[in-house]
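Have the structure open as you read, and take the points in order.

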Amino acid sequence: MRTSRMRRRAGAVLLAAALSWSAAACSVVPTGRSTVVEDRDQGNPLDPPYARVIAMEPNPSWTPEQVVTGFRAAMASIGDVRYAAARRYLTDDFAARWKPETGVTVYQPAPSVTAPLAEGATEARVTLKGAVTASIDQDGQYRPRGGTLDELFTLVKGPKGWRISAGPDGLLLSQADVERAYEPVDLYFLDTKRQGLVIDRVQMPVDPASTLAKTTVERLIKGPSGSLRGAVETAFDTGTGLIDVTTENNRVVVDLTEGVPADRAAAMSAQLAGTLSKLAGGSSFEVRVNGEPYRSGVPLYIDAQEHLRFDRWMAAVDAAPYYLQDGALRVLGKENVGGPVPGGAGREYTGSPAAAPAISGSAPRHVAAVSEDGRRISVAPLTPDGQWEQWTVGNDLVPPSWDRYDSMWTVDRTGPQTSVVLRQYADDRRQYRVAAPELDTVEVTALKVARDGVRVAVAVKDGTGEKVMIGAIVGDRADSRIGNLQIAMDGDEKQTIEDIAWKDGTALYVLTGKSELFEASLIAEPSQSIPSPPGIRSIAALNKNNSLLAGVEDDDGKLQVLYWDGDTWEPQVKDEKGAAVLGGDGPAFPAFPLG
């Protein structure tokens, strides 16, 4: 039996680098076992190499600006838990007051500005300049943001040279520092019904004394970040500890201090498999308790793909797209030839011909459609005897969206800059007003629930323009609310949002009024990642090979649904002869289930 302890080994490091004033006051020393990269597929994938920053001691001869430069470099030194090296750049009083744990400001540095020093001066001021690009909070959430960095440091001169006596709390790191000192990981939590999985991406500080696998599982047991707090659950009991994560006989072994009740074992297994899947490289798992088989001598083995079995929406879902054509709802079949859906929706579509339908995820599926005047939403089951029924009446309703629990969401714009979020359930047709204080005084133009059933994206219009926000659904029925809203894509007065579609649980596509197609999320800057086709009117997406569809209209008013093949846009809907279907009455407005 071969057992590996999977430790990140820093090895012996000599602090012999000279300080260069055009760069950070540190040396970057490659570390980790020399065989890690070569052995990734057959050795220990849970122990990747990394570059370690070694902070230098401040020198009595350094200028105030050199001291600030050295302090900034020392903040990027991983493994220095209490930032002892960084505190040596501070006066004793400021070192006791400085709070690095308050968060990280990520920035692109610019030349610092030092106030002129008089002969024999014992006090100096240095302003650290740059452009803010992001922040990392105490939970490890990375948030892109803009702004100017303009931080003032006050220094005093003593027997050991210049020291910083006042400055900002938190850490100031460049993007290169973050990429070197942090690892992005996806933590898997449970929805409130414990039926599905929700991804929480966080930045994990590299710990040279541990492994990325161990620190990741420790972070998983700790619980979700602030954006999902109250909206997700975990199978682990409060007080559960992690002893170690090791490999044994090509299996990843997670050793806990205590197990979970039998009815939560499957959920815990899915959380662990999802969280460790990228690191494990296809290895299976075993959970032990205090080094012993999981329960009463019976081992708990976990398949490498357990999280995909637990929640089918985590896998590449094989779901055919729906679309509108000839005044009816159709579904795409074999050879990309479409046909009418069963029931009334396949004979007559009662919704607006200028808005996409919403398709539910559970069988039998339902279609929901907003009327052309925006005052009614009707629903029809996609069954042979399914008929349209009016569900919702309002003043000005946005197109509906289904969640994975068969409840339908919409927003009623009851007046200028006034929006009311509504949730209606298929089982009893009861409608509830959803508490969403941040949306009460804006105009919501679109709302889409993600397939994880927890995250929600809204396009809103206020006095500054249109923007996309992502939040979390907390509670159920009368206790439903939308909280933790964060801006994912900020707009201006000239930009309009035409459509939004979830790509996966953490990112969505955004179509603007300028026919620009962006990918927006809470963990990355919006990027124009896909060139949009001419005449694009709507979008739909599914987590099957990043499937992305667009409804387009050409110069002659003819409609078609296109799909993105990774390089170009190609016609999606074809006739029996394999020719692309074009018409003034469709194909148009593609939609995937839970889209």
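1. Asp139 sits in the loop between strands S6 and S7, and Arg229 in the loop between H5 and strand S13, so the pair ties together parts that are 90 residues apart in sequence. Please keep in mind that this is a predicted model. Asp139 is buried, at 17% relative accessible area, whereas Arg229 is partly exposed at 45%.

2. Next, look at Asp396 and Arg413, a salt bridge with 3.3 Å between the closest N and O atoms. Asp396 lies in the loop between strands S25 and S26 and Arg413 in strand S27, so this pair joins parts 17 residues apart in sequence. Arg413 counts as buried because its relative accessibility of 15% is under 20%. Asp396, at 29%, is partly exposed.

3. Arg309 and Asp303 also meet through their side chains, 2.6 Å from N to O. Here Arg309 is exposed, with 57% relative accessible area, and Asp303 is partly exposed, with 33%.

4. How many salt bridges does the structure hold? There are 31, and a network of them links Lys193, Asp403, Arg423 and Asp476.

5. Finally, visit the largest pocket, with about 850 Å³ of space. Of its 32 lining residues, Val81, Tyr83, Tyr182, Met204 and Pro205 are the closest to the centre. Strands S10 and S12 and helix H5 each give two or more residues to the lining, with H5 providing the largest share, four. The lining divides into 15 nonpolar, seven polar and ten charged residues.

Notes. Residues are numbered from 1 along each chain as its sequence is written. This is a predicted model: local features need pLDDT of at least 70, side-chain atom pairs count only at pLDDT 80 or more; totals for chains, interfaces and linings use all residues. Side-chain values use heavy atoms; hydrogens and water are left out. On a 1 Å grid over the protein atoms alone, a cavity is a set of points where a 1.4 Å probe fits but cannot get out, and a pocket is an open set with protein on both sides within 12 Å along at least five of seven lines; lining residues have an atom within 4 Å of a point. Grid points are joined across faces, edges and corners, and a volume is the space filled by probe spheres set on the points. Ala, Val, Leu, Ile, Met, Phe, Trp, Tyr, Cys and Pro count as nonpolar, Asp, Glu, Lys and Arg as charged, and the others, Gly among them, as polar. A salt bridge is a side-chain nitrogen of Lys or Arg within 4 Å of a carboxyl oxygen of Asp or Glu. Buried means under 20% relative accessible area, exposed over 50%, partly exposed in between (1.4 Å probe, protein chains only).
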